Amino acid sequence: MLKSTKLVNTTSVESLSQIWAERYVPDLSTLSIRSNQCAVSELVEAASPQGRVQTIAKLSRSVEINCKCAGIQTSVLFSYIPNIVNLTESQGIAKAAGQVYEKVLEVYQTQSPPPALRVAKSEAETIDFSSNVEASSAKLGLSVSEVKQLATVLEPVLLEFQEQHLSSPDRRAVGFLSTQFHLSSKLVLNRLTLAEQVLVSPYFKFVEEQVCIPWQRVCAAAAKHELDSPRLALVQQLLPKSEDIAEAVYQQSVKLYSNHRSRRGGLSNREVKLSTVRDLQMFQGYLSLCVLEESMASVQDELLPLCIMVFPAVDVSWELVEQMTQLLMDEVLARVSNEYKSLLVPYTTAMQQLFSNLETKV
């Protein structure tokens, strides 16, 4: 859950904030197959102040419409849950989502082009997509200051959105909300050129994660730790690996549960994969938060109740939830240095225990 969180300026907080910002890099794979000179030229043009104004103008009339369309798609996907949200609630969710994206685009318009593109425009440097897409992507990612600005601007809007819609009589509406944002992002991005999509997509990824993954709270929790803290060092190791860890656990789960089907489809379904990988990263975010807070309270009071509400409602078996939690904890432990394993084990063990024993949970 999103909570009001202030990031203080300490070296520890900054160290995690940098890792947090590094999550939001563009996907250049769609441009890497094109002429490098052409791709750079289009990016430079789209990233310029004039280009950003044109991007916003292109979307200004369509964001709310796209969010309403996403709301309709979401309602169809969740139609198997009777009365999860009524028509008025659905329209309200779509309108609120539109306001969130409008705020994001306002921030996008005011921010400067990435340094790599400013240099490329002066022809002092070129970005070679074909030789090293990953390195090129990193050059175009959001900076720490940009991520903090997004967090600050969006926090009151998202908190109001959360408070309004988590009060739904059916708490399973939580899943409805995250799906609404995912589908809205897809529809809005589809109206843009490839170059514009590359530049805007990191901002939309930020929104999707800010709704459900407590990265900002993890960074804030670092404030009570010195830079040489073992707990901080442990989290510094884990955060950059979270997506790779989630992908590895997902692949293991597909092999073990190839026949499992939820209301959304089988585990190999593309949309199910996206939501599963995101959920696995959410679990990691809460695990890191517990390590820094030296308490399992956030998992016990927030994550577990949320999972109990949502997963059974969409026919995700608790056996799968329990097994994936164990796989995730094993994978996390395998990715940290031996010197930190003893520090992490109490939290991974507690996480597995909290998600075990189906009879007592659902």
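A residue is called buried under 20% relative accessible area, exposed over 50%, and partly exposed in between (1.4 Å probe, protein chains only). This is a predicted model, in which local features need pLDDT of at least 70, side-chain atom pairs count only at pLDDT 80 or more, and totals for chains, interfaces and linings use all residues. Residues are numbered from 1 along each chain as its sequence is written, and side-chain values use heavy atoms, with hydrogens and water left out.

**Stop one: Ser 242.** Select Ser 242. Its relative accessibility is 1%, so Ser 242 counts as buried. It lies in helix H14, residues 242-256 (helices are DSSP runs of H or I, at least four residues, numbered from the N terminus). Now show its contacts (heavy atoms within 4.5 Å). Leaving aside residues up to four places away in sequence, Ser 242 touches Arg 23, Trp 215, Gln 281 and Gln 284.

**Stop two: helix H15.** Select residues 270-293, which form H15. Of its 24 residues, 19 are buried. Why does its length agree with expectation? At 1.5 Å a residue, 24 residues should span 34 Å, and the end C-alpha atoms are 35 Å apart. That expected span is 1.5 Å times one less than the number of residues. Next, pick Asn 269 at the start of H15: a side-chain oxygen reaches to within 2.9 Å of the backbone nitrogen of Glu 271. Then go just past the helix, where Glu 294 takes a positive phi of about 55°.

How values were computed:
Helix = DSSP H or I, 4+ residues; strand = E, 2+ residues; numbered from the N terminus. Polar contact = N/O pair within 3.5 Å; in protein donor to acceptor, adjacent residues only side chain to side chain.
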